[in-house]
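Here are my notes on how the two chains meet. Please read them with the structure open.

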Number of protein chains: 2
Amino acid sequence: MVKTIEWTDGRVRMLDQTLLPREVKYLDCTDYHMVAEGIKKLCIRGAPAIGIAAAMGIALGAQQIRTGDFNEFMKGLEGVFNTLLSTRPTAVNIQWAVERIRKFLTERRHEPVDKLKAMLIEEANRVLNEDIEINRAIGEWGAQFIKDGDTVITHCNAGSLATGGYGTATGPIRVAIEQGKKIQVIADETRPVLQGCRLTAWELMQDNIPVTLITDNTAGAILRKGEINLAIVGTDRTVANGDVANKIGTYSLAVLCRENNVPFYVAAPLSSIDFSMPSGDLIPIEERGPEEVTHIFGRHIAPEGVKVRNLAFDVTPAKYITGIITEKGVFRPGDLHKLNEKGADLEKIMLKAKY
Amino acid sequence: MVKTIEWTDGRVRMLDQTLLPREVKYLDCTDYHMVAEGIKKLCIRGAPAIGIAAAMGIALGAQQIRTGDFNEFMKGLEGVFNTLLSTRPTAVNIQWAVERIRKFLTERRHEPVDKLKAMLIEEANRVLNEDIEINRAIGEWGAQFIKDGDTVITHCNAGSLATGGYGTATGPIRVAIEQGKKIQVIADETRPVLQGCRLTAWELMQDNIPVTLITDNTAGAILRKGEINLAIVGTDRTVANGDVANKIGTYSLAVLCRENNVPFYVAAPLSSIDFSMPSGDLIPIEERGPEEVTHIFGRHIAPEGVKVRNLAFDVTPAKYITGIITEKGVFRPGDLHKLNEKGADLEKIMLKAKY
């Protein structure tokens, strides 16, 4: 499997996903500004992956701070945090990574700064390795809802390329296949950036998982024909009431699934759940430049000077969501907030597949 | 306004819409096979426009038949009919044109064949000119549903480029603007062939009509934000029960409109209504090659060898449709069949805007 991101030789190496599938090329980031640029330009994308990139970017930025004083060190890091936080507003994982690292350092404030710098590299690698474990757990919990012979639709890329590896939405698909189930995947191409076409279809083909590419417009017709058994997508930020922000077009797919009685699942590692936000309508939605819509691989496809609206994400209200697949189990969106409550009996509220 | 199609100097000249908006180039068809190829390759598209192209293609084919005998002439024309009918199965307008011409000739069977050949050219031009009048009437009937300040969403291109001129779905938009209403249009880009981006946005910009281009994925989010007042789309075939076949993605847009209480109108000239077919599920849906999805303007964007499903159209059940705008008035889809009944009091069943 292609590595999305790794720490190597004192640098952060990320696969440049803007060039896929035409070219497999890596971007070697020698300072944290390059990591931030890589996130902004979508060389790396996907909520879990940019959480990992943020943790690695912080570790990289930390090495550049010349001080032996903890408070000075933290002050220097604030600049790194802010640069990374400003790259993409919708996914909560950068914020999650920053908070995790801040807590990690605060708890170790009495260690020498030089030691902390080394520990941050270890911690960033831990974030990466934990992510793969989490995806594996999501896969195990989610696979029960995929039956032998099923066709699963997914939107955008919440696969290994969007994570440390294995994938969130593709986790249950990969586990179902390991369980010997014969299944196939329908990948929405996911305009404007075509992550479904360029990334999801590509990574599934690399692993010989049967996949069919469709335009986003085709999902409704195929759902109406009864050819799809379930949908699984990822999320950039899921909030306390179970509303889900994800790639633009997710809301449409969810509405179409409900209209056709097809279960709609969201694979959400806890790192992408923002329990502090009560409703999806409060999630900041990134609007990106028109070029993503007017150009494809640098080629102009639209009328010169056309006005464009390019929302990168949308919000799917909880009512359209059958279940949220986390590393702790699968839950109704309305029960999600209980994961943040002490003493909640998760076993009792967990969704289980009925056969 | 750019001419979509015309009969000139014994040839059929059509704008090659596959090259728009990068290039404005005409295709001069010197025989009916070239017309059929032009239809098949989408140089000309849109139900009314391919109806006109079929009538002109028949006139062109007729000139090539060397006989003075009416029955021989009709036998020769059958080959022309079949070639044209085989180009695109979903739109009913080619069939409509063939039937119109067959009836026209049968009623004039006692005229000399040479005279009939000349009359077919006149008749093809009549089809073109009537189409413009019909669009104008659709515009007049439909404009009452567009209020000052409204934002109208449309899908694909049912504009002047899809017709003899003026457009079906754009008819009400153009009339509303002539009435002094300040409105704006949201154009879905309409993958895979990007007719919304390349054609609708382009033709509206040519006429200084405010238009914003979005990806198909964005329609749902904008509808949910309450930014759209109504939808108007065209149709390739509307059937007796009010079900509508139109460009892939129309069904999704209709479902999203209903979910957000936004009225959804279909502009349908009578030539695109197939009263002989009782239900939309019987409409043949054209599946096209994978290249439209895997390539854009000749550039490969998808993984090599990926499996693709490329449905060109979908069917929107009548229940999602607020009104069908014809040249005879606007009707509930459930009342549509009455247009084909003798003595129906259309004035009584006609939908009227409530202010």
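1. Chain B and chain A bury about 4,800 Å² between them, 57% of it on carbon and sulfur atoms. Buried area is the accessible area (1.4 Å probe) that two parts lose on being put together, summed over both. B:Asn217, B:Arg224 and B:Arg309 supply 15% of the area that chain B buries against chain A, more than any other three residues.

2. Provenance: the model is predicted, local features need pLDDT of at least 70, side-chain atom pairs count only at pLDDT 80 or more, and totals for chains, interfaces and linings use all residues. Residues are numbered from 1 along each chain as written, chains are lettered from A in the order written, and side-chain values use heavy atoms, without hydrogens and water.

3. In chain B, 57 residues contact 57 residues of chain A (heavy atoms within 4.5 Å).

4. A rotation of 180° with 0.0 Å of shift along its axis superposes chain B on chain A, RMSD 0.0 Å (least squares on C-alpha atoms of residues with pLDDT of at least 70 in both). That is the relation of a two-fold axis. The same surface serves both copies: 100% of the contact residues of chain B recur in chain A.

5. Between the chains there are 8 salt bridges (side-chain nitrogen of Lys or Arg within 4 Å of a carboxyl oxygen of Asp or Glu). One of them joins A:Arg191 and B:Glu189, at 2.6 Å, N to O.
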